Every structure is written in structure tokens, then in C-alpha cells.
Amino acid sequence: MIPTPLDLTAMRRALVLADAAAAEGDVPVGAVVVDASGTIRGEGRNLREATHDPTAHAEVVALRRAAESLGSWHLAGCTLVVTLEPCIMCAGAVLQARLPRVVFGAWDAKAGAAGSMYDVLRDRRLPHRVEVVGGVAEGEASARLQAFFDVRRDGD
Ligand SMILES: [Zn+2]
């Protein structure tokens, strides 16, 4: 699977949102939900520290906003574009929203649920399966995470 030009444009926006998360002390992860025409329907950045909410991952925030703006929990025809491979919770949220497609940046070998540790999005035991495009702008997404954690370690 290869990313479309619309995916790449959406990923640019997700990377900006990741930077905004880092500026507030959250792990830099950004996400957008785009419709079939590439229009952004919802945006999110990791807000876990900012809101003290363990579920406020960028993907969940973006899915909630997209559902609000579209007036439906059912996000058929939309794509989630996120800078980091979704975790188990976020992959679960993608299934709940019936998204047909996920595009992500950096792989997450320790917690990824879209092909690294788990493959929740393409588990044949589940009724809904998702097309996954991973490693899009991977270098840029990884560099942000690396820089964030490098600074944290220096501060210890
Ligand atoms: Zn997550």
C-alpha cells in the first residue's frame, strides 16, 4: 500500500499538530481525520498531560471531533492519518468508528497495534478490517519523538 497525495498533505498537518503537543509537554503525536475528498473533518493532538486524561491520545481526540463535525459516530469513507502507529486503544476506536483506512508515520515496536506488536486493524477474527498504510513520513515523525525523549532524558 502506498500513500496518496491527499495522505501526504494530511500527514503534514498531523506533524504540525504533533509539534503543538510537544510544545505543551505531551508526547508529540498528531492526527487528522480526512474525508474522501481530503477535507479535514477532525484534528487531534496528544492531550494526555494537558488534560490528565489517559484516553486523550491524538487519534481518539481526532475521531471524536470528526464524529461531532459529521454528526455521526460512523466515519465511513474517512481516513485517519496519524504520526505514530496506533496503540491497542486507538486501533479499537478506529474499529468502533468503522473507518476503512488508517495511514500512520512512525512504527511503534513497543506498543503498536497496526502491525508491529499487534495487528488489531487487520485481525481476521474481527468483523471489520482496515486498510493500513504505515511508515509515511516516518523519518519526520520519528525525529520528533526522538527529540522529545532526548530532552526528557537530559533533564533527569
Ligand atoms: Zn493510542
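I2 lies in the segment before helix α1 (5–23), where helices are DSSP runs of H or I with at least four residues, numbered from the N terminus. The model is predicted, so local features need pLDDT of at least 70 and side-chain atom pairs count only at pLDDT 80 or more, while totals for chains, interfaces and linings use all residues. Residues are numbered from 1 along each chain as its sequence is written, and side-chain values use heavy atoms, with hydrogens and water left out.

I2 counts as exposed because its relative accessibility is 71%; the cut-offs are under 20% relative accessible area for buried, over 50% for exposed and partly exposed in between, with a 1.4 Å probe and protein chains only. Not counting residues up to four places away in sequence, I2 touches R101 and V133, contact meaning heavy atoms within 4.5 Å. I2 and V136 are 134 residues apart along the chain, yet their C-alpha atoms are separated by 8.5 Å.

C87 counts as buried at 18% relative accessibility, and C90 counts as buried at 0%.

The contact is between helix α3 (residues 58–70) and helix α4 (residues 88–96), which pack at an angle of about 20° with their axes 9 Å apart. Axes are lines fitted to C-alpha atoms, for helices over the stretch in contact, and angles run from 0 to 180 degrees between N-to-C directions. The two helices are therefore roughly parallel to each other, a term for angles under 35 degrees. From α3 the contact is made by E59, V60 and L63, and from α4 by M89, C90, A93 and V94. By class, this contact has six nonpolar, no polar and one charged residues.

L95 lies in helix α4 as well. At 11% relative accessibility, L95 counts as buried. Leaving aside neighbours within four places in sequence, L95 is in contact with V120, L121, L126, H128 and V130. The C-alpha atoms of L95 and L75, 20 residues apart along the chain, are separated by 9.9 Å.

Notes:
Angles under 35 degrees count as roughly parallel, over 145 as roughly antiparallel, 65 to 115 as roughly perpendicular and the rest as oblique. Ala, Val, Leu, Ile, Met, Phe, Trp, Tyr, Cys and Pro count as nonpolar, Asp, Glu, Lys and Arg as charged, and the others, Gly among them, as polar.
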